[in-house]
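Here are my notes on the model you sent over.

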Amino acid sequence: MIKAEKDYLKKVAELGCIICENPYVEIHHITTKRGFGKKASHYDTLPLCFFHHRGGEKGVAIHQGVKTWESIHGTQIELLEKVKSRLPIN
């Protein structure tokens, strides 16, 4: 990972969870823009707390069921746009 990517991920994490604003986040690489077997870009990431990322039940944690999670919280693309709109412009 290059310095620019690390700096970007730090800024994303500083936003807090995009769902509940919890300041303690994990970085989630969105899954809708990548092909099978390809890792998403570090620039296509969402800041999610443990429960909204992988710790909660279906509908709470994205890794417990993406379709259900997106029906409740919005699509990953919609949330990515929200993240990018909240980042400081350099």
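1. With which side chain does the side chain of Gln-76 make a polar contact? The partner is Thr-31, side chain to side chain, at 2.9 Å. A polar contact here is a pair of N or O atoms within 3.5 Å; within protein, one must be able to donate a hydrogen and the other to accept it, and residues adjacent in sequence count only if both atoms are side-chain atoms. Gln-76 sits in helix 4, residues 76-86, and is buried at a relative accessible area of 0%. (Buried means under 20% relative accessible area, exposed over 50%, partly exposed in between, with a 1.4 Å probe and protein chains only.)

2. Before going on, some housekeeping. This is a predicted model: local features need pLDDT of at least 70, side-chain atom pairs count only at pLDDT 80 or more, and totals for chains, interfaces and linings use all residues. Residues are numbered from 1 along each chain as its sequence is written, and side-chain values use heavy atoms, with hydrogens and water left out.

3. On the overall layout, the protein chain has 4 helices and 2 strands, running α-β-β-α-α-α from the N terminus. Helices (H or I, at least four residues) and strands (E, at least two) are DSSP runs, numbered from the N terminus. The radius of gyration is 13 Å, close to the 12 Å that the globule rule gives for 90 residues, so the protein chain is as compact as a globular protein of that length. (That radius is taken over C-alpha atoms, and the rule is 2.2 Å times the number of residues to the power 0.38.) The C-alpha trace spans about 35 × 30 × 20 Å along its principal axes, and 37% of the 90 residues count as buried.

4. Now have a look at His-28, in strand 1. His-28 is buried, at 2% relative accessibility, and its side chain makes a polar contact with that of His-63 (3.5 Å).

5. What does a search of the whole structure find in the way of aromatic pairs, and how many? There are 2. The rings of Tyr-8 and Tyr-43 have centres 4.8 Å apart and planes at 55°, so this pair is tilted. Tyr-8 lies in helix 1 (residues 3-14) and Tyr-43 in the loop between strand 1 (26-29) and strand 2 (45-48), so the pair ties together parts 35 residues apart in sequence. Tyr-8 is buried at 14%, while Tyr-43 is partly exposed at 29%. Phe-50 and Phe-51 make an edge-to-face pair, 5.4 Å centre to centre with 75° between the planes. Phe-50 is partly exposed at 37% and Phe-51 exposed at 52%. (Rings of Phe, Tyr and Trp, the last by its six-membered ring, pair if their centres lie within 6.5 Å; planes under 30 degrees apart count as stacked, over 60 as edge-to-face and the rest as tilted.)

6. Last, the largest nonpolar core: it has 15 residues, and those with the most contacts inside it are Leu-46, Leu-48 and Val-83. Helix 1, strand 2 and helix 4 are the elements that give two or more residues to this core. (A nonpolar core is a set of buried Ala, Val, Leu, Ile, Met, Phe, Trp, Tyr and Cys residues joined through side-chain atoms within 4.5 Å.)
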